[in-house]
Amino acid sequence: FASVVYNKPLNRAQDSCSHRCGELLGTCSCQVTCQSLGICCPDYKEFCLQISPYSGSLMGGKDFLIENKILNASSVLMCRFKKKIITGGYVAKDGKAHCISPLLYETGFIPFEVSADGGLTFPYSGTWLSVHHSKVSDGEKCTLVNQTKWQYYGTPGTDGNLTLTWAHQAFAETHVNIEVWGYRETGDSYTENWLADWKYLYTLAREIPNTGKFSFIPEPAEGSYSTWDFGILRITPSGYSDGQSNILSVWSSGHALAWHLGKDFRNDPNAWATAKCIEWDRKEEKLPNFVEEIIDCPCTLAQARADTSRFHTDYGCDIEKGSVCTYHPGAVHCVRAIQASPQYASGQQCCYDSTGTQILTGDSTGGSTPDRAHDWGSPPFMKPPRIPGFSHWLYDVISFYYCCLWSDNCHFYMKRRPSSDCRMYRPPRAASAFGDPHFFTFDGLNFTFKGQGEYTLVESDLTSLRVQGRTQQARFPNGTAAQVTGLSAVAMQENDSDVIEVRYSEDLNLEVLLNQKVVDFSEQRWMDLEGVFLHYTADENVTVMFSSGSGVEIRGSGGFLSLTVLLPEKFVNHTQGLFGVMNGNTEDEYTFKNKTTMPVHASHRQLFEFGAHWAVENGTSLFTYDTESLLNHFFYGEKHNASFLPVFFPHEDPADPLVKEMVLFCDSDPFCRFDVLTTRSLQVGSSTRRSHQNHKLLVENLKPVISCGWLDHPTNGRKNGTNYLLGSTVSFICNQGYELTGSKERICQVTGAWSGDTPSC
């Protein structure tokens, strides 16, 4: 924030937001914060576009409305994405402008501009959110009725009619075409000339009535078309030419094109698929081994669900949704590694059974399989194997159809996609802050710091990670100010990622800001951003996942924020701030910027000084000051309010009726008791107690677990036991007529090694 804008009288005569959205100009602002501050240039709303809807599939073809009034009916509209992809636009009868979203090979916020003079100038600008095709709501796609039938068509027992349905009101026109598109990746793997391509193949049905339903009996595709086995259907108004790009469209989901494959598939699907499976296996043989560089799986389901900065629910097998795990029989929950691996952009998957034990492909076809191409794609996208969803289909899904679903050769697939066990997995460390701020450091020390201001919670020289917290004075239930504070905002960034801020607004609504702009989660709850993923749940839980594997979880509770920071092991000895130095030693938790330390048994007043020392400065603040009150209190005011003296020891008066309630309510939780007494609110006490319990449970779930690694059965024998963690036993039996040498049973020991010797029969 250049303070020049706030200090000089605004003379708004000359500056314009044309071509300048997001900038701070000499006399006024075109930044998103200008509206609440009342310093926008007069034409801000004309040039800086608001759109609805703001998101859609990366396949494109979605019509969105520009809410600003910019044009007249005679304007010739063009929309340009990323300075290069031009799509059509139009002005509707009501005078509102519309754009059509383009086919993109990436996800995330995409800048676009609009021209009203046929492409001479593009002064209007905004952003469009491109979304993974599987994460778009079903209502935006056309539906393959009984999708399994489409994907198994022509295999024994699957024939007859196929039906496609769609929302007919998506098109004003009376007739539509249905096209078949195929996806391929050409060139040499892992080189510059490796390219991704969606290609129009042929029109399945032309000029059919737009009734929202179409049924047909599929014919085997002719000639070279039958070599395309992964693709998608597109419905467009009939007036357009075949395969015309970036026009109003409704796409199906991507699927295995069994229904269109040629006569050779229909005549003998098993032989066709077996040949394809063996060909895939030979190709894999020549590709680099990606399994060596992907992160190991958490050892237990509890670890997997606690490590939220690095693993996220795999929607194909979710314990919260009834554990419908089609591809992983025997599993109750699977997770995927959030970040793709650094060199090969590969993905990890980890599945667990009802006892919380990892299921491995070495023991069961329900085991988790890693992915050569991460399902979500990965930055910088654009090229294989980083194309969201579709690279994954080509390397990891269609091959599963060849080997496991259309033929009985699953051993080929499992050999190339073996589960990772958890011998190398190291859980992250957690630090938390909640209530009338109570701090729990990475090394397990806790203290209460009730300063008022903006402070560094943790920063790291390893990845330039910064997490900052703002505390504001709490209010008693009657509205008067209490002499204590609580977290009201948290802002964070790593390297040059987008800046995320979570805060309570002045009317106590939880807001999430992305680069100073309030995020609307009405269409998408998961966002792929620059250097960071953002996830928002219905119960106002925000998870921020940075590319280093560090993450922050924030919950609104009882008018204060509670937050947890998770850091992987590589951050050991690389942190400082209120959450201390993460190194397993509590003696140096109270370390100042100049590396001097304060004793662990410091007094409340000394702790208050330690906290004040970590106040942020305007130059390094990540917060957004978009109201008069925030500017006055935190931008122009002190970053640490030295004149605010909190209550250090609340008085417990036995005659106080609240004390009786508190004792029953808080039980023995000291933080709950403390906060009830300082805020006179059982609600605050309740959320403090819940946050404290959550933190203890998280630390418990993230304790390291010793694994001795997977054991195979002996040739001509079998084994009993599929748990490879500390204390578990695996026993071995030989088939009839064979004799066992070596150990009959082996126990996983505290050293991480199995007892005894490898058995043979």
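Mentor: Over residues 1–12, pLDDT stays under 50; pLDDT is the predictor's confidence in each residue, from 0 to 100. For residues 1–12 the model has 27 contacts beyond four places in sequence, a contact being heavy atoms within 4.5 Å. Confidence in the chain is lowest in helix H1 (residues 4–7), with a mean of 43. Strand E15 (residues 250–251) has the highest, at 98. Helices (H or I, at least four residues) and strands (E, at least two) are DSSP runs, numbered from the N terminus. The chain averages a pLDDT of 92, and 98% of the residues score at least 70.

This is a predicted model: local features need pLDDT of at least 70, side-chain atom pairs count only at pLDDT 80 or more, and totals for chains, interfaces and linings use all residues. Residues are numbered from 1 along each chain as its sequence is written, and side-chain values use heavy atoms, with hydrogens and water left out.

Now the sheet. Three strands form an open sheet in the order E17-E18-E19, with antiparallel pairing. Two strands pair if DSSP finds at least two bridges between them. Strand E17 (311–313) and strand E19 (349–352) stand at the edges; each has a single partner strand, so one side of each is left without a neighbour in the sheet. From one strand to the next, the twist averages 30°. Axes are lines fitted to C-alpha atoms, for helices over the stretch in contact, and angles run from 0 to 180 degrees between N-to-C directions.

Look at one pair. E17 and strand E18 (residues 333–337) run antiparallel, joined by three bridges. Thr 313 stands opposite Val 335 in E18.
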